[in-house]
Amino acid sequence: MAVPVPYCKSGVTAADWSLLRTAPSPWAELEFENIILTVPSDVVRDLHRPDELAALWDDIMRGIADLAVIPHKFPRKERFVTDVQISHGWMHAGYPIMTHRSTAAELVSTDHIRGTGLWGPIHELGHNQQRGCWEFPPQTTECTCNLWSVYVHEEVFGIPREKADPGLTPTKRAAQMEEYVNGGRNLNSWNAFVALETYIQLQEKFGWDAFKKVFAAYHKMSNFPEDNKGKINLYAETFSQTVGMNLTGFLKAWGWPIEPATEEKLSNLPSWSDHPMTQTA
């Protein structure tokens, strides 16, 4: 009792798509270079140019790989599945990435993606790139994945960060930072977009290339600390050495537990004395 499925695979079924997209199965699957999208068939009935969608998703996944400093060809294609009931939240990372059915139309619309963006889905793809050696859970769990959201929106879609998500408007950023400082710079409150501000300030000073070099440096390391304090100090040292500037003053202003030994290691580097947190001291 099998029925045909609307199925498109880059370079394989594109010529037959005009017929395949009308196939009666209730689910469709679009397989591109590094990602597979499983969506309700009704959202692909009017998809006339799957090649354009494939090219866009290829660009997105290359952007994911570029920031992570990994090969463009993924060893296993990422996968999105949209459904009416998922395991957790509105979306969740993993294999597959799950999201509610109402997101399906956005995943297959080049106009929507290029015009509005895909913050949530790319946030989940960012989760799949997080690495325990430079993560400080639970504070950064919902934070560093957003580096990929910002990067892809700006570098692939051409959507500036302040338009990519309302949490990144200058007004919202300033208010979050002020609230955090007034609250005593407590790391228990340093999470999500508050924590993202720390990384955004680093990016605005040193550029995306600095993050790529830091991630590349971690690829070559081993024997990582297991506790957050140790990992935080390793990150402070790695980022400082990468950019050739002592960042301990900046990170301490954010409440990071920087150890005297780390400050001593970096004492030969010029200090970032005019960092954004100086005005909050």
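The model is predicted, so local features need pLDDT of at least 70 and side-chain atom pairs count only at pLDDT 80 or more, while totals for chains, interfaces and linings use all residues. Residues are numbered from 1 along each chain as its sequence is written, and side-chain values use heavy atoms, with hydrogens and water left out.

## Helix α11

Helices (H or I, at least four residues) and strands (E, at least two) are DSSP runs, numbered from the N terminus. Helix α11 covers residues 228-243, which is 16 residues. From first C-alpha to last, α11 reaches 22 Å, close to the 22 Å expected at 1.5 Å a residue. That expected span is 1.5 Å times one less than the number of residues.

Much of the interest here lies in burial. Buried means under 20% relative accessible area, exposed over 50%, and partly exposed in between (1.4 Å probe, protein chains only). Among the buried residues of α11 are G230, I232, L234, Y235 and F239. Their cover includes α9 (192-206), α10 (208-219), α12 (248-253) and α13 (260-265). After α11 comes G244, with a positive phi near 70°.

## The core

A nonpolar core is a set of buried Ala, Val, Leu, Ile, Met, Phe, Trp, Tyr and Cys residues joined through side-chain atoms within 4.5 Å. In soluble globular proteins, nonpolar side chains tend to be buried together. Here the largest nonpolar core has 78 residues, of which L30, W57, W190, F211, Y235 and W256 touch the most other members. Helix α2 (residues 50-68) gives the largest share of this core, 10 residues.

What does L30 contact, leaving aside its neighbours within four places in sequence? The partners of L30 include C8, W17, I35, L53 and V108. Contact means heavy atoms within 4.5 Å.

## Cysteines

How many disulfides does a search of the whole structure find? The search finds zero. A disulfide is counted as a pair of cysteine sulfur atoms within 2.5 Å. The sulfur of C143 has its closest cysteine sulfur in C145, 7.3 Å away, so the two are too far apart for a bond. C143 is buried, at 0% relative accessible area. C8 is buried as well, at 3% relative accessibility.

## Rings

The whole structure holds 23 aromatic pairs. Rings of Phe, Tyr and Trp (its six-membered ring) pair if their centres lie within 6.5 Å; planes under 30 degrees apart count as stacked, over 60 as edge-to-face and the rest as tilted. The F211 and F215 rings have centres 6.4 Å apart and planes at 50°, so this pair is tilted. Both residues lie in helix α10, four residues apart, about one turn of the helix. F211 is buried at 1% relative accessibility, and F215 is buried at 3%.

The charged end of R76 sits over the Y95 ring, 4.0 Å from its centre. The test is NZ of Lys or CZ of Arg within 6 Å of the ring centre and within 35 degrees of the ring normal.

## Backbone details

Y95 also takes part in a cis peptide bond, with P96. Two such bonds are listed here.

| Cis peptide bond | Omega | Loop holding the second residue |
|---|---|---|
| Y95 and P96 | about 5° | between β5 (91-92) and β6 (97-100) |
| P137 and P138 | about 5° | between α5 (119-127) and α6 (145-157) |

Positive phi values also occur in residues other than glycine. A192, in helix α9, has phi near 45° and is partly exposed at 26% relative accessibility. N223, in the loop between α10 and α11, has phi near 55° and is exposed at 77% relative accessible area.
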